[in-house]
Amino acid sequence: MKRESMLAIGIVSASVVVLGGTAVYAQDKYSLKSPSGIAFSDFRGYEDWAVVSSARTDEVLKVIVANPTMIKAYKAGVPGNGKPFPDGSKIAKLQWSFKKSTEATFVVDVPDAPTQAFLIEKDSKRFPKTGGWGYALFNHDTATGKMTADEAKADCGHVCHVAVKAKDYIFHPYQKR
């Protein structure tokens, strides 16, 4: 495949995308900060983090990834061993709408447009009232290609995650490989 073709394919996280000879300036998502104080820049490199799990609802496909600190804790048995995740643990739930694959020889749903990035960070000093976890929700506008911090649901993460307090507020276990 020619280099020019590769530039127009896939998800590009560069600040400038060249399509058909016209420069289009993409948003710098790393400049975003949520009302809870979580900065998207604190999750720089999440694109290369290890997959923890995946999930599907009627509306979206989800992939849950974690930073090396959290993956190391998972592999050591957290939270099943009764120990909490260490400060510095970070996990991101990335969501896409989905569509049926037109290329597969079987019926399969594949990601379509990104919809949200839900970021969770363990910092017991910054977030003592929520079990040490800070939560942020960023919505992706498919029409503009831009992300925005969700002001209305800034603290909804903790409300939902109380249901799994015994697992240090984390829903998804590290899936066996």
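Tutor: Two strands are said to pair if DSSP finds at least two bridges between them. Please keep in mind that this is a predicted model.

Student: Which residue of E4 does Ser54 stand opposite?

Tutor: Strand E3 covers 50-56 and strand E4 covers 61-66. E3 and E4 pair in the antiparallel sense over 6 bridges. Within this pairing, the residue of E4 opposite Ser54 is Val63.

Student: Which strands stand at the edges of the sheet, and why is one side of each left without a neighbour?

Tutor: The open sheet has 6 strands in the order E3-E4-E5-E6-E7-E8, with antiparallel pairing. One side of each edge strand is left without a neighbour in the sheet because each has a single partner strand; these strands are E3 and E8.

Student: Which element gives the largest share of the lining of the second largest pocket?

Tutor: The second largest pocket holds about 340 Å³ of space. Its lining has 20 residues, and those closest to the centre are Lys62, Lys93, Gln95, Phe118 and His161. At least two lining residues come from each of E3, E4, E5, E6 and H3. The largest share, 4 residues, comes from H3.

Student: Which backbone oxygen does the side chain of Ser36 reach?

Tutor: Ser36 lies in the loop between E2 and E3. Its side chain is joined to that of Ser34 by a polar contact of 2.7 Å. The side chain of Ser36 also reaches a backbone oxygen at 2.6 Å, that of Tyr135.

Technical notes
Residues numbered from 1 in each chain as written. Predicted model: local features only at pLDDT ≥ 70, side-chain atom pairs only at ≥ 80, totals over all residues. Heavy atoms only, no water. 1 Å grid on protein atoms, 1.4 Å probe; cavity = no way out; pocket = protein on both sides within 12 Å on 5 of 7 lines; lining within 4 Å. Points joined across faces, edges and corners; volume = space filled by probe spheres on them. Polar contact = N/O pair within 3.5 Å; in protein donor to acceptor, adjacent residues only side chain to side chain.
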